Amino acid sequence: MLFWVIAAILTLGASLAVLLPLAGTGKGESNAGDHDLEVYRDQLSELDRDVARGLIQPAEAEEARAEISRRILRLGAGQSGAVARRPSMATRLVATIAVLAVPLVSWGLYIKLGSPDLPAQLLVERLAKNPADSSVDELVARAEAHLAANPSDGRGWDVLAPVYLRLQRYSDAARAYRNAIRLDGDSAARQAGLGEAIANAAGGIVSAEAQAAFEAALKQDPANAKASFYLAMGLAQEGRAGEATAAWQKMLGALPPDSPWRGAVEQALADTAGKSLAGGAPANGPDAQAVDAAQQMSPQDRQAMIETMVAGLDEKLKQNPRDVEGWMRLIRSYAVLGKADQARDALGRAVAVFGAGSEEAKKFTAFAATLGLTATE
C-alpha cells in the first residue's frame, strides 16, 4: 500500500509541474501592463500642468512627451507579443490531455504486466534462501560474500575453487586453490586443480608453474588422472611427442573402463598420431625407443641428446619459419634447459617472422610470459 501512495504523490507532483504553466492565463502580465500605462498617462498630465505654471520650458516639455510616448509604444508592443505567445485554448487542452494520459497509460501497463504485489527481496534474503532454489550465480555470490567476511575459511575456498574452474574463471580458481592449500594443507586434488587453473589461464599451455603443481599432485597420488594427462600434454607442447604418446598409452592402460578421462586420452593420442603422419617421421620429438634409450644414458649424455634435438628443431624452423607450434616448442625447450638468452632470441625471431602486430606474435609473447620471458628490442 505504501508503494501506491508514494507512486501517486510523485505522479501528481510531476503532472502539476507541467499542467500549472499551461493553465496560466497571463492575467498577471496584463495587469502589470495596465498599471504602467496609467503611470505614463499621469506623467503626461503632470507635464502639462508644469508647462502651464511655467516650471518647464516648452522645448523640454516636447522632449519629455516624446520619451513618454516611446515608452507607451514599447509597452504596447510587449503586450501584443505576450498575447501572441500565449497558447490558445485548443493547444492547452491537447497538452493537458497528453500530460494526463502518460501516468494513466503507464499505471495501466504496470498493473497489467508488472507485479505490484510481489514483495521486495533484498540481496541478503536471496542469498539466505535454500541453495536448491538458487541459481549458480547466486550460490557463487553467496560463497564470495561468506569468504569476504571469513577469508581464513579454507574449506570455503576449497569448495569455491572447482566452481570457478567450471565457470572458466581460471585466475579466480587459481587464487582459490592457493588459499585452500595455504589454509587447509596440501592434497593431490588441490594441486591438480591448481595446475589445471594455471594452464587454462595461460591458454592451455602447461607452464613451469603448472607442471610443478601437477608433479606435486602425483607425488601424493600417483594415479591422479588429471595430473598425468596434463603432464603428458606438456611433453607434447615441448615437442616430445614420443614421450607424450608413451605417457598417454600408459595412462590409458591404467584407467578404469568408466573413467571420464578415457575419451580425452584417446583424443589426445589420435591428435598426436595425426600430427606425426602429417609431418612424416617423428620430427616433433623422440619415439618410445629413443625415450627408453635416454633413460639408460648418463645425465651428461642425456643432456647432450636433448640439446641436439633442440638444435635440430631450431634448424628446421630456419627452413620452415611459419611453424607456429614449432616456435613455441623451441622457446619452451630453451627455457627448460635454462638458456634464457636463447629462449628470448627465439621469441624475437618468431615475432619477426609473423610481424610484431600479428596474432601469432601476441600468442608467442603471452606464451613466453608464462615461462618468465619477455621480448627484447
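Predicted model: local features only at pLDDT ≥ 70, side-chain atom pairs only at ≥ 80, totals over all residues.
Visitor: Why are α9 and α10 called roughly antiparallel?

Guide: Helix α9 (residues 188–201) and helix α10 (residues 208–220) pack at an angle of about 160°, their axes being 8 Å apart. Axes are lines fitted to C-alpha atoms, for helices over the stretch in contact, and angles run from 0 to 180 degrees between N-to-C directions. Angles under 35 degrees count as roughly parallel, over 145 as roughly antiparallel, 65 to 115 as roughly perpendicular and the rest as oblique. The two helices are therefore roughly antiparallel to each other.

Visitor: Which residues of α9 and α10 meet?

Guide: With contact meaning heavy atoms within 4.5 Å, the α9 residues include Ala188, Ala192 and Ile198, and those of α10 include Ala213, Phe214 and Ala217.

Visitor: What makes α16 roughly parallel to α18?

Guide: The axes of helix α16 (residues 324–336) and helix α18 (residues 359–370) come within 11 Å and cross at roughly 20°. That angle makes α16 roughly parallel to α18. Val324, Trp327, Met328, Ile331 and Arg332 in α16 meet Glu360, Lys363, Phe364 and Phe367 in α18.

Visitor: How do you know that the length of α12 agrees with its number of residues?

Guide: The expected span is 1.5 Å times one less than the number of residues. For the 14 residues of helix α12 (residues 241–254) this should be 20 Å, and the end C-alpha atoms are 20 Å apart, which agrees.

Visitor: Why is Asn224 called buried?

Guide: Buried means under 20% relative accessible area, exposed over 50% and partly exposed in between (1.4 Å probe, protein chains only). Asn224 has a relative accessible area of 11%, so the residue is buried. Asn224 lies in the loop between α10 and α11 (225–237) and touches Ala188, Ala189, Ala192 and Leu218, not counting residues up to four places away in sequence.

Visitor: Which residues of α12 are buried?

Guide: They are Ala241, Gly242, Glu243, Ala244, Trp248, Met251 and Leu252. In the protein, buried residues make up 29% of the 377 residues.

Notes:
Residues numbered from 1 in each chain as written. Heavy atoms only, no water. Helix = DSSP H or I, 4+ residues; strand = E, 2+ residues; numbered from the N terminus.
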